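Subject: Structure handover

Hello,

Please find the structure below. My notes on what turned up in it follow.

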Amino acid sequence: MIYKRLGLGLGLFSIALGLAELFAAKRVTKALDAEGSEGIVKAFGARELLAGAALVAAPAVSTGVWARVAGDALDLLGTGAALRRNPRNGWGWGALGFVLAATALDLFVARGLDKTTGRMLPDKAQKA
C-alpha cells in the first residue's frame, strides 16, 4: 500500500528533521534571522521526533500524519513570523515553500490512510 510506505517515509523524515532542529537550532534561527528563538526550534524538533516515532511504529495509522499536519500549521506560523521581521530573507521564503510542500504531502497521506485503512488509532490486535 503506497500510503503506508509514504507514512513510514514521513516518519523517518520527521525523525531526521527533529534531530536537525534539536541539534542545529542556532543555525536554523540564524538563517531565518530569528536569533533568540532556539527554544522554540528545539520544541518543534521534539514535536517532530514524537510524530516520527508514531509513524515509524504504525505507518498505516493516520494519527501520526495528522500530528504532522498540526505541526505544519505551527511551522507556518513560525516561518511567517520570521518573514514578517525580514521579508527579504531568501532562506525564510525557502523554508515557507518547503513547509507548504510538506503540508500538501502530509494532507495527501493522511487523507489516503483514512480512506484506505479507515483507522485513526492503532489496532492492538492487528499490527499496522
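Leaving out neighbours within four places in sequence, arginine 47 is in contact with Gly71, Leu74 and Asp75 (contact means heavy atoms within 4.5 Å). Arginine 47 sits in helix α3 (helices are DSSP runs of H or I, at least four residues, and strands are runs of E, at least two, numbered from the N terminus). Its relative accessible area is 18%, so arginine 47 is buried (buried is under 20% relative accessible area, exposed over 50%, partly exposed in between, with a 1.4 Å probe and protein chains only).

Before the rest, the ground rules. This is a predicted model, where local features need pLDDT of at least 70 and side-chain atom pairs count only at pLDDT 80 or more, while totals for chains, interfaces and linings use all residues. Residues are numbered from 1 along each chain as its sequence is written, and side-chain values use heavy atoms, with hydrogens and water left out.

Salt bridges

Side chains of opposite charge can pair when their charged atoms come close. The structure holds four salt bridges (a side-chain nitrogen of Lys or Arg within 4 Å of a carboxyl oxygen of Asp or Glu). Arginine 47 pairs with glutamate 48, at 3.2 Å from N to O. Glutamate 48 is buried, because its relative accessibility is 3%.

Arginine 47 also forms a salt bridge with aspartate 75, with the closest N and O atoms 3.1 Å apart. Aspartate 75 is in helix α4 and arginine 47 in helix α3, so this pair ties together parts 28 residues apart in sequence. Aspartate 75 counts as buried, at 9% relative accessibility.

Glutamate 48 meets arginine 68 in a salt bridge too, at 3.0 Å from N to O. Here glutamate 48 belongs to α3 and arginine 68 to α4, so the pair ties together parts 20 residues apart in sequence. Both glutamate 48 and arginine 68 are buried. Shared partners join Arg47, Glu48, Arg68, Asp75 and Asp106 into one network.

Further along α3

Leucine 55 is in helix α3. Why does leucine 55 count as buried? Its relative accessible area is 0%. Not counting residues up to four places away in sequence, leucine 55 touches Gly7, Leu10, Gly11, Val61, Gly64, Val65 and Arg68. Leucine 55 and alanine 110 are 55 residues apart in sequence, and their C-alpha atoms are 11 Å apart in space.

Valine 56 also lies in helix α3, which covers residues 38-57. Valine 56 is partly exposed, at 34% relative accessible area. With Leu8 and Leu12, Val56 makes a nonpolar surface patch of about 230 Å². (Patch residues have over 30% relative accessible area and no salt bridge; like charges are joined within 9 Å, nonpolar side chains, meaning Val, Leu, Ile, Met, Phe, Trp and Tyr, within 5 Å.) Areas come from the Shrake-Rupley method with a 1.4 Å probe, and for residues only the protein chains shown count as cover.

The largest pocket

How much space lies in the largest pocket? About 730 Å³. (A pocket, on a 1 Å grid over the protein atoms alone, is an open set of points where a 1.4 Å probe fits, with protein on both sides within 12 Å along at least five of seven lines; lining residues have an atom within 4 Å of a point.) Of its 29 lining residues, Glu21, Val28, Leu32, Thr79 and Ala95 are the closest to the centre. Helices α1 (2-23), α2 (25-31), α3, α4 (63-85) and α5 (90-116) each supply at least two lining residues. Helix α4 gives the most, with eight.

Best regards

Definitions and conventions: Points joined across faces, edges and corners; volume = space filled by probe spheres on them.
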